[in-house]
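Look at the model below. How do its parts sit against one another? Let us walk through it step by step.

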Amino acid sequence: MPPDINHNDEVFAIKHDIENKKFILKLNDSAAEISVPYILDLNNSGDCIGYKVFLLKNDVKNKENDIFQVFDNGQRIGWIFTIQSLQSGAHDWAQNEHFLKIAYFAFKALLEKIDIKRSDLVGKCELKLSDCYDTDDIVFIVCEQEFDINFYLPSFYRYGYYFQTDIEIKSSGDLSVFDEPHSKNNICIKRISPFLEDIKYFTEPSFFERIYKEKHYLVKFLLLYQVIELLISKILDVRFKSIMEQNKTATVDDIHKIKIELNEISNEMRRINLLMNQFVTIDSEYNLRRKNLLIECAAFMKSCNEFTGSDDCGKNEIFYRTRNTIIHKYNKLKNENNVVENIKKINIELEKFIIYMIQSPFNDIL
Amino acid sequence: MDLAILSTIFDKRVNAFNILVEISIQDYLETARKIINKNYFQRKRITTSFTTYSLLKKDLEKGCVIPAIVLAHIPNSQNEAGNADKKITDDALNKIFKSEDLIILDGLQRTYTIMDLDDDLKSKTPEEKNIFLKSKIRLEIYIGMNRLSILYRTLTLNTGQTPMTLRHQIEILYNDFPTTYEKDKISLFKEVDTNRPGRIGEYNFKYILDGFQSYLDQNELPIDRGELLESLKRLDEENQNTFNSVDLFESFLKTYHGFVKKMDAISSGWVCSEELAVRFNKNPFGKDTYEIFSKAQPITGFGAAIGILKDNKFISGLEDISDLVEKISLKKSPEETFSYFLETLDKVKQNAKKIGDEQRKFFRFFFRNLFMKEGDSFLDFEKSIKDAYRAYNI
């Protein structure tokens, strides 16, 4: 589960001192007070009930002015911005009434979660929000109580947002290239395809953090390829059950036909084709990503002299053969042929491709 | 009241007597309750670790000895301050102690704990209470310190703690500075003032203080605790007159005001057009030169840059800047120049993790370029902008 900051186990009172532009935190068992400046103009109209706040990371979109409205299915469901955006009036949104409203609730929600008995906070009578949170924290505030962020992780990751968990990998970040938001001010997110909701790999934050932070190009390739493995296993599972269902009244005469069907579905290449050509709803963006991936695969295969006359840069086979070369023939590859650089390029395109793919609607493959 | 003087030492750094006395908790409480809420300098109560807090209370109840609490006598006037020759008698000390002109420099939390325990013991028998109330504690009392010396000693005594907020310390440091300079038509507005600065000559007091602080620190960023201490030392060094910085502050203010007036003159009434503002999301850095240069970012950038130039002997002092300001002229039209200025500031804004801090840095480069004789953008306004952005981006 992503870190949820919506449940406060500390008990203290929060009072907004409008005149002095600050919040006052008061512990129940002490006369002590802590003041936290809140310099933004006030818009506290409406009610805070129904908002949920999450903390994410983004090593690119972490500027004070990186403030985006978040849309799902054409409807604005929330906002995403840095902690710093809540502490400054210098950004473009500091006068926007909608931002000011959401900022007020987000600020308050963040204050509610502060552990004011934390050792580094004890003894302070004035705090900034950034004393209590990592200055690189990104705030996502959503206006739906029932919102389940786990189903949106790929969507956020597409723009470089991920949740920090406790996995022990030092940040790399230089091996990922993220999409730019749809417009200067908006980010559109999409719920993961219902068909994939039961695959935990896609609904647990650690996967996205791991692929982002993994430094080694080979490990990263393997991690990314796991997605393909999972999806083609799913295809096998569904198709196998379907074949069994369709042939439950079969007789001995049907053995040959069933054998062909099972052979076909157990063939990995065949399932990759199904996945990449039929399973996913294809649109122009998908086609572009697939094409870019195949181009990098072909470049890699050419650089290590594995590209044959029968290979076609436009067909999925080149992707599968690339995978086989990296997995089974890596020991034979010579580094002077830019193998490492080419695998890194494949990783960039593969990452973009799979992140887009798992957000796409999946077709009925039965 | 039974005050026993144990030792008297003269503190040459702050020019005051430090007197060690022994007193009963009961007598200390009587004075402590009076001074804890009345004193302007007094810090607020802070959160403490629950365990430490209750342990100290239990120990005090049993009559434990705690480290000396440090107090300072705030003189009613500067004439009383630093009177190093005056001998402190028992009577004089008793009189001072009974007055409310004391502040707690070190030991506020201990005092709160003592007060809390006194309240907790109300239901106990007099005998039980007396174990606590008749216990002795030691106090160190500084006599004859002025306001800035008190702040200096507070900071040095409380290394590793947060005795009061930084803003509070700065307010104390500059509390006595004047806010009106009639001859130069300058007014400084404090936060409590109902009016806001809105025309040339009117500035936010806090921004000017930040700029002055940046000048002393040679750093445009908001200062931290260690830097404040450094500032106090600098004030001391610059003036050759312990902690008297009003003249230097005034000189800084007038120099900057001279620059703002010059900007107004050479801009020939330039105002950011609606059309131009749209390019900056209708939120340009400033709509005219006064609005641009009355913000904290340019003032602190100016302070830091001038401080650096002076420290590196490129200029001899603020007077040099006043002369140079008069020589600034624009090579292009005001429209072209200031549009370019706003565009550059917007670029800084779009790429900054902390917009305010980054803009301060940009202005430091800008003013450094503009006033450094040895540089190739010396007094060249447009080139100073360009070079500042390049330097900022490196």
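The C-alpha centres of domain 1 of chain A and domain 2 of chain A are 37 Å apart. The domain assignment places domain 1 at 12-213 and domain 2 at 217-357 of chain A; such bounds come from an automatic or database assignment. This is a predicted model: local features need pLDDT of at least 70, side-chain atom pairs count only at pLDDT 80 or more, and totals for chains, interfaces and linings use all residues. Residues are numbered from 1 along each chain as its sequence is written, while chains are lettered from A and ligands numbered from 1 in the order in which they are written.

Domain 1 of chain A gives 10 residues and domain 2 of chain A gives 12 (contact means C-beta atoms, placed from the backbone, within 7 Å). On the domain 1 side, α3 (153-158) and α5 (205-213) of chain A each supply at least two residues. Helices here are DSSP runs of H or I, at least four residues, numbered from the N terminus. α3(A) gives the most to that side, with three residues.

Next, two helices. The axes of α6 (217-246) and α11 (339-357) of chain A come within 10 Å and cross at roughly 30 degrees. Axes are lines fitted to C-alpha atoms over the stretch in contact, and angles run from 0 to 180 degrees between N-to-C directions. So α6(A) is roughly parallel to α11(A) (angles under 35 degrees count as such). Among the residues in this contact are A:F221 and A:L224 of α6(A), and A:I343 and A:L350 of α11(A).

Key:
Two residues are in contact if their C-beta atoms, placed from the backbone, lie within 7 Å. Angles under 35 degrees count as roughly parallel, over 145 as roughly antiparallel, 65 to 115 as roughly perpendicular and the rest as oblique.
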